[in-house]
Amino acid sequence: MKFSFLAICLSLVGFCAFSQYNPEKPDLMQGKFYTEEQAVKVHEDLARQYSDKKSWEKHAALIRQGILEGSELNKLKLKKPSNITIHSKKELNGYSVENVSFQSLDGIYVTGNLYRPLNQTGKMAGILCPHGHGQDPRFKEYTQQRCATLARMGAVVFAYDMIGMGDSKQCDHKIPKAVKVQLANGIAALDFLLGLPNIDKDRIGMTGESGGGTQTFLLTAIDQRIKVSVPVVMVSGFFFGGCVCESGMPVHKRPTHTTTNVEIAALAAPRPMIMISDGGDWTKNTPELEYPFVKRIYSFYGAENQLENVHLPNEKHDYGISKRLAAYDFLAKHLKLDINKVKVNGKVDESVNTVLTAADLKVFDEKHPLPANALMGDEAVMKLLN
């Protein structure tokens, strides 16, 4: 790995001296917290702390505990999903779509869509599909295409809302403890998926883009039930997430250590993971920095072949078709899905998927109202989280 003159100079400077922190929130590491050159030095210093599986796992335990404490998940009494409602089944070309809600915390409801293969028997893989930021991305074509195609390949897929988006309008997206509630919702979504009939607990995957990529590597880091992960356009050595739902609680900077999203993503080791990156955002250096860094950690387990990187230097920040194709190949390989079911003349064909309207996918309507015990408003939700 080659280092610039600036990076060499920075090696003479203490860690805190070049950290770009918010003086009003000194325990947080947010946004473009480092320059690209600083990120090189930071990860050089981190790598010196472990040289084998034993020393890495000691460090990994600190990071994992730091996520639980920094997000305050360790203070929550997590329960199995309750008040589960599944309705409005639509049978389409090789798959079905249903609208789903369930309670994750007292008065908090997870909302989403369940995609299932049709005419398939036996145990099936399960895949969680969180989404990134935008205007109700669960309803967007690119999310539907991903979920429908994976269902046609033989997986049961659950796409669920970020708070404040889609049907999850009990509070604003940017409440101060968004990390806490979204991680709790992710764990509940995993519990829900594993509780469905004929789900193979040894074939559970997760994939999301941008903020959904953050959800993917955070949940994979703390929950070993995720067996295969595909964080898309998000694992970065210098960028810590631009929203409070990613870095608005102190999961990176703890009394015992300071970590990065690259180390957090590496907690997936030795489970299969593909890092999908592009040249148009903060993942532009992945082939030179983030991927080699994580691959070294996989080497401690003799599992280098379980980690991949697909880098698209001419693309930008999205979960477009080329990124989906990379994800399909990887998930098919490691979750034992049949990708040939979705191919025509040797190529994946998404044109047979039905893009439904938002009205088709909405969870709450006149026939299926938001449950009476649902908390409403930022103040009520924050009171619960506190």
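Predicted model: local features only at pLDDT ≥ 70, side-chain atom pairs only at ≥ 80, totals over all residues.
**Exercises: the cavities in this model**

Residues are numbered from 1 along each chain as its sequence is written, and side-chain values use heavy atoms, with hydrogens and water left out.

**Exercise 1.** Find how many cavities of 30 Å³ or more the whole structure holds, and describe the lining of the largest one.

*Solution.* 
- Step 1: the search turns up three. A cavity is a set of points, on a 1 Å grid over the protein atoms alone, where a 1.4 Å probe fits but cannot get out; lining residues have an atom within 4 Å of a point.
- Step 2: the largest has a volume of about 80 Å³, volume being the space filled by probe spheres set on the points, which are joined across faces, edges and corners.
- Step 3: 13 residues line it, and Gln-182, Leu-183, Thr-214, Gln-215 and Leu-218 are the closest to its centre.
- Step 4: H6 (178–194), H7 (211–222) and H8 (244–247) supply at least two lining residues each; helices are DSSP runs (H or I, at least four residues; strands are E, at least two), numbered from the N terminus.

**Exercise 2.** Work out which elements give two or more residues to the lining of the second largest cavity.

*Solution.* 
- Step 1: this cavity holds about 50 Å³ of space.
- Step 2: its lining includes Ile-108, Tyr-109, Val-181 and Asn-185.
- Step 3: the elements are strand S3 (108–117) and H6.

Key:
1 Å grid on protein atoms, 1.4 Å probe; cavity = no way out; pocket = protein on both sides within 12 Å on 5 of 7 lines; lining within 4 Å.
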